[in-house]
Amino acid sequence: MVRLAPTAIVTLTGHSTYRSKTGDSMELKDKIIVGTGAASGSGRSLCTTFAAAGAKAIACVDRDLAGAQSVANEINGLAIAVDVSHEDQIARMIDTVEET
């Protein structure tokens, strides 16, 4: 799983590659992305950016299921309601992503 700081700035450098403001890059083709905070702000932006960059699948994760579902519908992703401060919900989310 790739973890990005919530303040990461992502720019597309090619069809399926992203480059962060620190210069790190990663091939996104055939990758499954779990985007937390997906209902709004930087989480939403990262999910839509990764979708545009060619990620295989994106799980849009947020406590706000309706907001996460809105983003998931926009990018053909999967919405999952999770409060990441609860370890049991994180474990359930991982199971859901792995089963999908």
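The model is predicted, so local features need pLDDT of at least 70 and side-chain atom pairs count only at pLDDT 80 or more, whereas totals for chains, interfaces and linings use all residues. Residues are numbered from 1 along each chain as its sequence is written, and side-chain values use heavy atoms, with hydrogens and water left out.

**Overall make-up**

- The protein chain has three helices and six strands, where helices (H or I, at least four residues) and strands (E, at least two) are DSSP runs numbered from the N terminus.
- Along the sequence, these elements follow the pattern β-β-β-β-α-β-α-β-α.
- Of the 100 residues in the protein chain, 35% are buried, a term that stands for under 20% relative accessible area, with exposed meaning over 50% and partly exposed lying in between (1.4 Å probe, protein chains only).
- The protein chain exposes about 6,000 Å², of which carbon and sulfur atoms supply 49%; accessible areas come from the Shrake-Rupley method with a 1.4 Å probe, and for residues only the protein chains shown count as cover.
- Among contacts (heavy atoms within 4.5 Å) between residues at least 6 apart in sequence, 41% join residues at least 24 apart.

- Three strands form an open sheet in the order 4-5-6, and their pairing is parallel, where two strands pair if DSSP finds at least two bridges between them.
- Strand 4 and strand 6 (78-81) stand at the edges with a single partner strand each, so one side of each has no neighbour in the sheet.
- Neighbouring strands of this sheet are turned by 20° against each other on average, direction ignored; the axes are lines fitted to C-alpha atoms, for helices over the stretch in contact, and angles run from 0 to 180 degrees between N-to-C directions.
- Helix 1 packs on the sheet, where it touches strand 4 and strand 5, and its direction makes about 175° with that of strand 5.
- Strand 5 is largely enclosed by the rest of the structure, because five of its six residues are buried.

- From strand 4 the chain crosses through helix 1 to strand 5 in a right-handed β-α-β crossover, meaning that, with the strands pointing away from the viewer, the path from the first strand over the helix to the second runs clockwise.
- Val34 stands opposite Ala59 in strand 5.
- Strand 5 and strand 6 pair in the parallel sense over four bridges, and here Cys60 stands opposite Ala79 in strand 6.
- The chain passes from strand 5 through helix 2 to strand 6, and this β-α-β crossover is right-handed.

**Cys47 in helix 1**

- Cys47 lies in helix 1 and is buried, with a relative accessible area of 0%.
- Leaving aside neighbours within four places in sequence, Cys47 is in contact with Gly35, Ala38, Ile58, Cys60, Val71 and Ile75.
- The C-alpha atoms of Cys47 and Cys60 are separated by 7.0 Å, and the two residues are 13 residues apart along the chain.

**The salt bridge**

- The structure holds one salt bridge, defined as a side-chain nitrogen of Lys or Arg within 4 Å of a carboxyl oxygen of Asp or Glu.
- The partners are the side chains of Glu74 and Arg44, at 2.7 Å from N to O.
- This pair links distant parts of the chain, with Glu74 in helix 2 (residues 65-75) and Arg44 in helix 1 (residues 41-52), 30 residues apart.
- Arg44 is partly exposed, with a relative accessible area of 26%.

**Asn76 in a loop**

- Asn76 lies in the loop between helix 2 and strand 6 and is exposed, with a relative accessible area of 74%.
- Although it is not a glycine, Asn76 has a positive phi of about 60°.
- Most residues other than glycine have a negative phi.
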